[in-house]
Amino acid sequence: MKQSKAEIARVRLLVWQRDGGACVRCGRQDGPLSWDHRQNRSQGGVWAASNGQLLCGTGTTGCHGWKTENPQDARTS
């Protein structure tokens, strides 16, 4: 079932509050932070707080880039 924009916004806010507005890998609070699905939506991941986290950078930079390039290591760290 597709979630509404309001539901997705609520999940994003919950994750922001839970993660303290900081990257969960390095703790960075300044600079760009991006939403990350722990399990990618293309692999069955859903829009849920339990499947989301804040990471610094984008899908190609910072901790988000590291996670994208090192998915096996990201699961164990």
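**Figure 1. The salt bridge between D30 and R28.** D30 and R28 are joined by a salt bridge in which the closest N and O atoms are 3.3 Å apart. The structure shown is a predicted model. The relative accessible area of D30 is 53%, and D30 is therefore classed as exposed, the cut-off for this class being over 50%.

**Figure 2. The salt bridge between K67 and D36.** In this view, K67 and D36 form a salt bridge, with 3.1 Å between the closest N and O atoms. The pair connects distant parts of the chain, for K67 lies in helix α2 (residues 62-69) and D36 in strand β1 (residues 33-37), 31 residues apart. Both K67 and D36 are buried.

**Figure 3. The salt bridge between D19 and R18.** The side chains of D19 and R18 meet in a salt bridge, at a distance of 2.9 Å from N to O. R18, with a relative accessible area of 40%, is partly exposed.

**Figure 4. The salt bridges of the model considered together.** How many salt bridges does the count give? The count comes to 3 salt bridges. One of them joins D30 to R28, another joins K67 to D36, and a further one joins D19 to R18.

Notes. Residues are numbered from 1 along each chain as its sequence is written. This is a predicted model: local features need pLDDT of at least 70, side-chain atom pairs count only at pLDDT 80 or more; totals for chains, interfaces and linings use all residues. Side-chain values use heavy atoms; hydrogens and water are left out. A salt bridge is a side-chain nitrogen of Lys or Arg within 4 Å of a carboxyl oxygen of Asp or Glu. Buried means under 20% relative accessible area, exposed over 50%, partly exposed in between (1.4 Å probe, protein chains only). Helices (H or I, at least four residues) and strands (E, at least two) are DSSP runs, numbered from the N terminus.
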